Amino acid sequence: PSVGITIDAAAAVRVSESAGGTLNSLFTALMIGLLERSGRVRRGDLVPLAIPVAGRDAAGDRRANVTAGATAYIVVEDSRYDDLSAIRQACKEAFVRLDERPGGSAALVSAMQLLPDAVIGKLAANAPTPLCLTSNIGRLPEEFRTLGTGLDATVLMRAGTVATPAEFARRGGGVHGWFWIDGDVATWTAASADPVHVPTAAVLADLMMTELARWSLVGRPWGVRD
């Protein structure tokens, strides 16, 4: 199950800054809140947050999937609603650890893109699914957002994993999310890899809207305009 929700970008910036954070730390807090509201974690738990990090280092770098993974360790605390500094610091520390780590694992992930699906399927058969994954895509380039037409447009992106509910349950997955700025709109999408705590899109949407309301943010299902 996956859900896309749009938020006024300026409002999201104001909320994040009022709590001493950034849009990235607000997005992280939203995902932690989503995980907590699902009942998967509770106050005081330590959440290993998986953060995909693009390896492109230049504007003209057209390599496809050059991605490494950082892990931030977030303690579930109600204080995040007033102060995002702990989440912000945890994410910074995750990026520092990634920079200090030898690049062998990242190179392996890139090399795996060349392998056939059947081989990848066998290698990943018993791989765990992240409890919480956050992918902050950032601000979409205008030429991508409008396909070069110059027209006002919004974009929905989401990732899908081919697995049965039983396979998801066995792999221990939780919730995965993506966030980006699209013109004057911020879009938050989330997907459930936990068929027990978040079994349907309706449940996921309710959890997301409730979490946004806790931040005094108004969410709209993707594609809906006033």
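Trp215 is buried, at a relative accessible area of 5%; here buried means under 20%, exposed over 50% and partly exposed in between, with a 1.4 Å probe and protein chains only. The model is a predicted one, in which local features need pLDDT of at least 70 and side-chain atom pairs count only at pLDDT 80 or more, while totals for chains, interfaces and linings use all residues. Residues are numbered from 1 along each chain as its sequence is written, and side-chain values use heavy atoms, with hydrogens and water left out.

The structure has two aromatic pairs. Rings of Phe, Tyr and Trp (its six-membered ring) pair if their centres lie within 6.5 Å; planes under 30 degrees apart count as stacked, over 60 as edge-to-face and the rest as tilted. Phe27 belongs to helix 2 and Phe179 to strand 5 (residues 175–182), 152 residues apart. Phe27 and Phe179 are both buried. The ring centres of Tyr81 and Trp215 are 5.1 Å apart with planes at 50 degrees, so this pair is tilted. Tyr81 is in the loop between strand 3 (67–75) and helix 3 (85–100), and Trp215 is in the loop between helix 8 (201–214) and strand 7 (220–221), 134 residues apart. Helices (H or I, at least four residues) and strands (E, at least two) are DSSP runs, numbered from the N terminus.

Tyr81 is buried at a relative accessible area of 11%. The charged end of Arg214 sits over the ring of Tyr81, 3.9 Å from its centre. This label requires NZ of Lys or CZ of Arg within 6 Å of the ring centre and within 35 degrees of the ring normal.

## Helix 2

Helix 2 covers residues 23–37, which is 15 residues. From its first C-alpha to its last it reaches 21 Å, close to the 21 Å expected at 1.5 Å a residue; the expected span is 1.5 Å times one less than the number of residues. Of its 15 residues, 11 are buried, including Ser25, Thr28, Met31 and Gly33. Just after helix 2, Gly39 has a positive phi of about 90 degrees.

## Nonpolar cores

A nonpolar core is a set of buried Ala, Val, Leu, Ile, Met, Phe, Trp, Tyr and Cys residues joined through side-chain atoms within 4.5 Å. The largest one has 47 residues, and those with the most contacts inside it are Leu26, Leu34, Val47, Trp188, Met208, Trp215 and Leu217. Helix 2 gives the most to this core, with eight residues.

Met208 touches Val3, Ile5, Leu34, Trp188, Thr189 and Ala190, leaving aside residues up to four places away in sequence; contact means heavy atoms within 4.5 Å. A second, separate core has five residues, among them Leu140, Val155, Trp178 and Ala191.

## Salt bridges

A salt bridge is a side-chain nitrogen of Lys or Arg within 4 Å of a carboxyl oxygen of Asp or Glu. The count by this rule is six. One of them joins Asp194 and Arg40, at 2.9 Å from N to O. Asp194 lies in the loop between strand 6 (185–192) and helix 8, and Arg40 in the loop between helix 2 and strand 2 (46–54), so the pair ties together parts that are 154 residues apart in sequence. Asp194 is buried at 6% relative accessibility, whereas Arg40 is partly exposed at 27%.

Arg43 and Asp78 form another salt bridge, also listed at 2.9 Å from N to O. These two residues are 35 apart in the chain, Arg43 in the loop between helix 2 and strand 2 and Asp78 in the loop between strand 3 and helix 3. Arg43 is exposed at 59% relative accessibility, and Asp78 is partly exposed at 35%. Arg145 pairs with Glu142, their closest N and O atoms being 3.0 Å apart. Both lie in helix 6 (residues 142–145), three residues apart, about one turn of the helix. Salt bridges that share partners join Glu142, Arg145 and Asp182 into one network.

## Positive phi in loops

Leu147, in the loop between helix 6 and helix 7 (165–171), has a positive phi near 55 degrees. Leu147 is exposed at 72% relative accessibility. Ser216 has a positive phi near 60 degrees and is found in the loop between helix 8 and strand 7. Ser216 is exposed at 65% relative accessibility.
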